[in-house]
Amino acid sequence: MKTIKFKYIYIAAALAVFGSCSEDFVTINPEGKFDTGTYFSNEQQCFAALIGVYDPLRKNTGGFENMVAMLNAGSDDFYAGGGSSTDGTGIQNFSTHSLTSISIPGSYWNDHYQGVSRANLLLAKLPAASMDDNVRARFAAEAKTLRALYYFNLVRMFKNIPLVLDPLNTQTIYDPEQVAPEVIYAQIEKDLVEAIPHLPGTVVAKTEAGRINKGAAQAILGKVYLFEGKKSEAAAVLAEVNGTPGQTNQYGNKLLTSFSDLWVTTNKFNAESILEVSHTSAGNSDWTFWGSGKDEGNSLNIMVGPRGYAKKDASAPDLPSGWAFNVITQKLYDVMKNDPRFAATILDLKALKADGAADYIPAYQDTGYFLNKYLPRQSDVSTGGGNSELNYKQNSYVIRLADTYLMEAEALGSGPRAQALLDAVRNRVGLTPVPVTLAAIKNERRMELAGEGHRFFDLVRWGDAAAALSDRGFDAGTDEILPIPFTELNGTKLKQNPNYQ
């Protein structure tokens with residue numbers, strides 16, 4: 001059956017208030033027949049809709065087609081892995097840069113536009129709702145920030161996309177046309193600039209963890225400016241986020257003393273986290289709705305675990321078996337092997353197997369190296385309802401402070417502050433200073449953020465993708481962006497990206 005996604009997002013927006021919510025938000029279950037014409041009448045109903053706008057954030061590490069697993073696979077630091085060369089056609093083809101409009105998973109387009117649509121609907125309904133004006137302004141600011149983030153992901157992935165700012169209906173679902181990327185970026189900037197003054201500096205930890213604050217919106221804006229090449233603007237707004245390098249910023253953020261503490265499952269919403277995706281093992285996710293947006297577990301965990309794992313010695317970690325995606329390349333192993341962040345980033349299962357401490361079943365593209373940051377832990381296996389594989393609770397970072405330090409250093413390029421920002425990231429793991437250069441910053445981002453889904457877009461932004469991915473089939477001038485899914489072209493006004501069929 002033909003699928004027109006713009007039609008779908010109109011319907012999905014109407015259902016936004018029924019979206020699942022994280023364990024860190026108040027659960028609201030509207031009762032009775034849903035009518036977009038009357039539903040958004042008060043604060044409680046608008047808050048339920050706001051939860052629906054947040055839900056697509058779980059695309060970062062939720063579902064098989066999550067952003068981190070996909071983007072890792074397309075970089076030089078990871079292979080797709082998995083069971084075989086046909087295990088997940090989309091991730092396999094992105095890893096070899098052979099995607100087509102048929103093999104690109106439609107959810108990378110659909111899920112983000114669903115978030116946009118939900119934000120559009122809420123923003124359209126908020127003015128008439130009965131609620132405190134300060135609360136209304138905050139809700140609108142959160143919706144605009146999320147819309148900006150979803151559009152940022154879309155424009156980086158697909159470049160040539162439609163700009164939709166109003167709720168679609170049955171008469172307008174086929175109307176959207178692509179606009180220049182500059183138009184998208186201008187809207188992203190506008191949304192964020194308008195949102196920032198109305199966001200709180202901090203959120204209430206027990207009841208609001210996961211909600212966007214002023215620092216998160218500024219961090220997103222700084223990253224957007226950097227990708228646009230607006231370095232002075234990026235440096236200025238990121239300085240607001242970062243404060244004095246190595247010290248606590250104005251929003252309470254500070255680098256954690258121990259790098260490995262970032263990956264402790266229970267260490268959610270820690271001081272280094274600026275924007276974080278919430279996962280829970282209490283969502284009872286199962287195969288019937290996995291990947292539909294209603295599941296709340298971290299799917300990346302099970303995806304990156306080794307297959308057929310068996311612990312044979314106390315020196316080996318206690319892991320459940322996984323699916324062996326995102327195996328680490330020899331390239332990354334070689335550049336990280338002497339870095340203090342190696343053990344927290346890479347599990348050298350090949351060495352453990354050679355020592356008789358553990359065993360596993362080598363899968364597709366096996367190197368023996370696994371992403372330790374997100375490996376499933378036996379202690380985290382859910383014992384509740386649903387399928388245990390789909391109910392891991394580790395949160396994931398969209399932006400953390402070390403990332404914004406390095407982005408500001410890159411924007412500055414040189415000078416004492418850029419040096420201090422680079423030094424702070426290195427000092428945290430016991431590394432001595434090196435002169436601040438673009439090459440040094442590039443290397444630090446690779447070491448610090450390995451496996452967190454940033455590398456592919458970094459390579460593209462720096463113009464390094466063709467060289468770094470020359471052995472992966474990367475075609476300069478084409479593979480910097482993805483093909484638009486065929487189902488979005490069929491019956492709409494959209495045109496395929498250059499050089500794709």
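**Figure 1. Helix α17 in the predicted model, residues 438-448.** Of the 11 residues of α17, 8 are buried, so the helix is largely enclosed by the rest of the structure. The buried residues are Ala440, Ile441, Lys442, Glu444, Arg445, Arg446, Met447 and Glu448.

**Figure 2. Elements that cover helix α17.** The cover over the buried residues of α17 includes the helices α12 (330-336), α15 (401-412), α16 (416-428) and α18 (455-462). Strand β8 is also among the covering elements; this strand spans residues 396-400.

**Figure 3. Ser396 in strand β8.** Ser396 has a relative accessibility of 1% and therefore counts as buried, the cut-off being under 20%. Leaving aside residues up to four places away in sequence, Ser396 touches Asn60, Thr61, Glu276, Val277, His279 and Tyr374. With Asn60, the contact includes a polar one between the two side chains, at 2.9 Å.

**Figure 4. Ser396 and Ala316.** These two residues are 80 places apart along the chain. Their C-alpha atoms are separated by 24 Å.

**Figure 5. Residues 1-33, where pLDDT stays under 50.** For this stretch the model has 87 contacts beyond four places in sequence. Where pLDDT is low, the predicted coordinates should not be read in detail. For the chain, the mean pLDDT is 93, and 93% of the residues reach 70 or more.

Conventions. Residues are numbered from 1 along each chain as its sequence is written. Side-chain values use heavy atoms; hydrogens and water are left out. Helices (H or I, at least four residues) and strands (E, at least two) are DSSP runs, numbered from the N terminus. Buried means under 20% relative accessible area, exposed over 50%, partly exposed in between (1.4 Å probe, protein chains only). Contact means heavy atoms within 4.5 Å. A polar contact is a pair of N or O atoms within 3.5 Å; within protein, one must be able to donate a hydrogen and the other to accept it, and residues adjacent in sequence count only if both atoms are side-chain atoms. pLDDT is the predictor's confidence in each residue, from 0 to 100.
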